[in-house]
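Look at the sequence and the model below.

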Amino acid sequence: MGDRLEVWAVGAGGFLLGVAVLALKDWLGGKLKVLLEFLYGQFAGSRLLRRAALAKYTRELYRRHKEFPVSFQVDESFRLPMESVYVPLRGGNGHGNGSVDRLEAALRRKRRTVVLGVPGAGKTMLLRHETLMWAKRRIRAGRRRVDLGDLKDIPVLFELHRLNKGEGSGLEGHLSDHFKRHGFPRADKWVASALARGDLALYFDGLDEVSTDLRERVVGMIKDFAETYPECRIVVTCRVAVYEGQFAEFHQTLRVKDFDEHLIRRFLGGWPWQAGTAEATSSVDQLLGALRDTPQIMSLARNPLLLTMIAYLYDFVYAGTDQVLPHTRADFYKQVTDNLLIDRRRRSVFPYPLKKAVLRHLALVAQDVPSQAHDRLAMPAETVLGRIGAVLEQHGRDTSQAEEVLTEIVERSGLLLAVDNGERYQFAHLTLQEYLAAEFLAADPGGLLDRYRADPPAWREAVRLWCGAEARDCTEVVRAVRDHDAVLAFQCLADAHTVDDDLAESILDGFRRRLAHAGDTEIAAFGLVAGDRRTRGERVFEFLREIAATSHDSRRTRAATRALAATHLPQAVEALAELAVSPNGPAWAALGQMGDLAVPAFEEMAPVRPEAYRMLWAIRTPKAALALNRLMWEVPSRASVDRYFYLGELLTVPEIAAELRTAPTDRGTVPTWVWRPFTEGYHDARAEIAGRIGQVLRDSEEDELRRSDLPDPDPRIVAAVALLHEHGPRQELELTVRIPTGLAAAVTDLSTSSGALRQERAGEYLIDVRAFGHQMESLLDDDGSPPIDADQARSRTLDVCLAVLGQAGLPARRRALLDRLPPALRLRAAVALLTQGWYADPQTWVTAQADPGTPGYGFLRHWSTGLTLLLWLAISGLAGWRALPPTAGGQPWGPAWLGWVATAVIVAGWAAVVTFARYRGRSDRVFVVGATLFTAVAALFTVSYYAFHAVERVWGNPVATCAAAAVVTYSGAAALAASALRDRKNALTHPVRHLVLDPLLPHP
């Protein structure tokens, strides 16, 4: 009994001890974590923990910016993925003069930039995306490891509205606080040194959100900051209406442009459509079709913020219902405002009718500001709250709730935006303001007309929206407007529900007579009216069709075709396709303006009218690219090379390339190695597409490749065709060539040493092509080298490299292909050819990357090579034993002294092998091979002969014969393996890999 109790006591004690240990472990772990966090917080800025702190800062940037919230979301946790939804913004220099394709690239070219845009244009998103991309490039697989790499232009996205809270410290102190908020405490000293080195990229976001009384001081702070730290990149964003040229001394001022249809499609293609919504591609096509049907709504979608609203409504409100985007602009605005204000999925404090009444009153206040006023869209917060109080009073509510009503409208609907740090408010888009003002005046046409007569520019769109907002008789309003602006009256016919027939015909007759002299505004008005599905619109459409087909007045014909295109109707495509008999005719150009709607018509024309290929390329949508792809496979390959250039160029557009990934192709008929490094998934149709394009480029004549009217195909295709040799023996350039005096002088100016060039006699120079290539590669690898950094110097370097290649035997067709590459990549390609001296084969392009230092990479370190060497060492030893007179007891033939000669030959043979291995790859390798080849062959014969006789003497001829056959078979297999490993090494070490292919590969 006592023993049993003792056992139980020991067990219970062990259990309790285990529980205590676990509890103590958790307690100690928690305390240790707190201690480590405390120590990190105290010493993060020290040299010991600085890189760890920067790694944590990088991870925090990625976490914060990989998703962004939507102000009018249904679910508070709903956030959009930045990478898929973000669309590269386009902009113009100054206040719209000149153009810049990509704002991201423009930001990186200059150290001082101002970015301007209207609310919702994407200024903040631009900076957030730049910050995210910097962090993403440094976060490795699994998001666990951070490879900081080059710590240049470390992004600091600082919201300038933080300066409204008081003077506090200078900008340097605020930057230290920024790093502290992002996981890098006590960064003061590091920030100071990073600023001095120019390692930070300062993104000062929202100058317009700084209080008006503080704005001048903040501008001065930024200017002083820029002067103190001239090496740091600085970007300042601001609303257009607020900016008054405060940073005129900055290197560039960029203005964000509205989306075009191409960018709208790209945005919608990246939208994370709900599972219940139609398949993504179908949803994009349906939504774009609805937008094209109503050009007025399409104009709204050109603003990123409003496009987000449209996509949100289509995905979260219309999904699973019978609702579709309306066909009139007024109905669309009504749906937008109603759905965003009602928001049935979450509880609202204030009812929809009250909030709608507030917005109508505020819209009228803003709309009444004269059109000449500076920043006429933004209303002071005091005015806004006063108007809301008046509306509350009218609805029998406490006026003290005005601020709560304003907050709910701003935060829940997104229809009203807080700007200037809440000092002012304005509508998300001017047309929403105009619609709500027109709604306020629904029962007051006289008030509407009085306002229009007093300020026509401000009230034009409001008049049109008033005509379409409700089913009312608009005759008197349209009649009054006609006396002041006939074009506006014409436009109102498309919007108005009811207009007297005599008045309508009178307006239409006047514009029919003036059709030949119609400008862009009148053409657009014809399109609006002819696109109306009512009887009046059908009559105007038939009039335009008849004029386009029968008129002998070229001006009337051109105007009629343009008006038909402006209708965006399928019937217009049919009419214009019938009339498009010549690429120089007006119907052809008008048809091209109809975008995706015209793709089937141009696809049908292309086999007999090659000019249609160019129109498909100009449309630049996935649908047009798919049509070009079908034509590429269906029409004989040499019928026209144009389509290959056009489709090849469209592969550079990400959303088009993504669509072509699953396009139908003729599999198995073309090489796929051209696109192999860039393939995605099990079957990527772009491999066949790029292979076919590459075939045509390879077989094209020089004059075809140099046609200036054709665009440059994707550089991934051009580089592969220009630099690689697919069939037959390896093609090489001449490695030592004579060059003229002028080129020699240019080479001397570029070369870092005189080793590549030597003078034979007066006026004659010889150049070592590969040595010159290595000198140029050293310039490429040195980021600070002026010859490569400066555009003019880089162009001169490129010209000299291409001239040397020409002297070395570069074929004219390959030179024409190189000229199709972007200048920077063209230079790298030229240097790759110069450095190696021969064209790479497809294995260089498609072989998976490996580390040249690994044992499996070089054949001399491969296990099969080592085993072969040991085998032949053993055989050599056996042969030497048989050859030596003291052990042989006589020679198989000849005198005894031949044994000593044979032994010497064997030793000399192995010495030759060692010598060759030691000097392989040297410039004098030809001499080494010549000096050792005879000795190695003689040694091989000697070893084989004496080893065979040694085995034969002991085991007989059959065994000796079998052993010899086995050794020969194994040695042949080992030689083949060594050759394959050597080819793999040559493929992976060819300069084309790191100079050309690596820059083309996508990098995380």
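The model is predicted, so local features need pLDDT of at least 70 and side-chain atom pairs count only at pLDDT 80 or more, while totals for chains, interfaces and linings use all residues. Residues are numbered from 1 along each chain as its sequence is written, and side-chain values use heavy atoms, without hydrogens and water.

Helices are DSSP runs of H or I with at least four residues, strands are runs of E with at least two, and both are numbered from the N terminus. Helix α41 (residues 823–836) and helix α48 (residues 991–1000) have axes that come within 8 Å and cross at roughly 160°. Axes are lines fitted to C-alpha atoms, for helices over the stretch in contact, with angles from 0 to 180 degrees between N-to-C directions. That makes α41 roughly antiparallel to α48 (an angle over 145 degrees). In α41, the residues that meet α48 include Leu 825, Arg 828 and Val 831; on the α48 side, Val 992, His 994 and Leu 995 are among them. Contact means heavy atoms within 4.5 Å.

The strands form an open sheet of three, in the order β9-β11-β10, with antiparallel pairing; strands pair if DSSP finds at least two bridges between them. β9 (379–380) and β10 (416–419) are at the edges with a single partner strand each, so one side of each has no neighbour in the sheet. Four bridges join β10 to β11 (residues 424–427) in the antiparallel sense, and Val 419 has Arg 424 in β11 as its bridge partner. Helix α16 (residues 402–413) packs on the sheet, touching β10 and β11, and its direction makes about 105° with that of β10.

Note on methods
Parallel < 35°, antiparallel > 145°, perpendicular 65-115°, else oblique.
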